[in-house]
Amino acid sequence: KPPSDAHTHTLDRSYDTEKTATMQDATQANQLKRVIDEENMRLQVQTQLTNLTDKCWDKCMKDSSVTRMSTKEKACFSHCAHRFYDVHRLVKMRMYGMNDEDAEGMM
């Protein structure tokens with residue numbers, strides 16, 4: 001005996017509910033992935049800033065007991081930071097096969 005219209009309607013509703021739940025799961029998974037990617041990016045930026053600060057501090061700060069940076073130390077720190085940024089950008093460009101405009105968008 002073929003299924004009744006009521007039975008078919010119930011199966012359709014069950015399928016629609018499953019399909020909706022699957023779509024919601026996929027949406028939540030995508031949102032979670034986006035949040036994780038953003039957090040990873042923040043961590044990378046924080047790590048780079050820490051590396052930059054450590055390297056430039058060690059190179060430029062001769063007397064860490066002084067409460068103010070000298071003009072020479074400020075200039076050294078600025079140049080060091082620019083060089084670090086330029087090298088970091090160049091590495092990313094080579095790593096991802098990008099041009100200057102693409103790399104600017106990633107920084």
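1. Glutamate 39 has a relative accessible area of 44% and is therefore partly exposed. In this predicted model, the residue takes part in a salt bridge with arginine 42, in which the closest N and O atoms are 2.5 Å apart. Arginine 42 and glutamate 39 are separated by about one helical turn, because they stand 3 residues apart in helix α1.

2. The structure holds 2 salt bridges, and another pairing to note joins lysine 33 to aspartate 37, with 2.9 Å between the closest N and O atoms. Both of these residues belong to helix α1, where a spacing of 4 residues places them about one turn of the helix apart. Lysine 33 is partly exposed, its relative accessible area being 49%, and aspartate 37 likewise counts as partly exposed, at 38% relative accessibility.

3. As to the overall fold, the secondary structure of the protein consists of 3 helices and 0 strands, which gives the pattern α-α-α when read along the sequence. Of the 107 residues in the protein, buried residues make up 10%.

4. Glutamate 73, which lies in helix α2, deserves a separate remark. Its relative accessibility is 10%, and since buried means under 20% relative accessible area, glutamate 73 counts as buried. The side chain of glutamate 73 reaches the backbone nitrogen of serine 70, at a distance of 2.9 Å.

5. Which residues form the positive surface patch? The patch is made up of Lys59, Lys62, Lys72 and Arg83. Of these, lysine 62 is found in the loop between α1, which spans residues 5-60, and α2, which spans residues 71-96. With a relative accessible area of 68%, lysine 62 is exposed, because the cut-off for that class is over 50%.

6. A last point concerns leucine 49, whose place is in helix α1. The C-alpha atom of leucine 49 is separated by 9.6 Å from that of alanine 81, although the two residues are 32 residues apart along the chain.

Terms used. Residues are numbered from 1 along each chain as its sequence is written. This is a predicted model: local features need pLDDT of at least 70, side-chain atom pairs count only at pLDDT 80 or more; totals for chains, interfaces and linings use all residues. Side-chain values use heavy atoms; hydrogens and water are left out. Patches are made of residues with over 30% relative accessible area and no salt bridge: like charges are joined within 9 Å, nonpolar side chains (Val, Leu, Ile, Met, Phe, Trp, Tyr) within 5 Å. Accessible areas come from the Shrake-Rupley method with a 1.4 Å probe; for residues, only the protein chains shown count as cover. A salt bridge is a side-chain nitrogen of Lys or Arg within 4 Å of a carboxyl oxygen of Asp or Glu. Lys and Arg count as positive and Asp and Glu as negative; His and the chain ends are not counted. The place of a charge is taken as NZ of Lys, CZ of Arg, CG of Asp or CD of Glu. Helices (H or I, at least four residues) and strands (E, at least two) are DSSP runs, numbered from the N terminus. Buried means under 20% relative accessible area, exposed over 50%, partly exposed in between (1.4 Å probe, protein chains only). A polar contact is a pair of N or O atoms within 3.5 Å; within protein, one must be able to donate a hydrogen and the other to accept it, and residues adjacent in sequence count only if both atoms are side-chain atoms.
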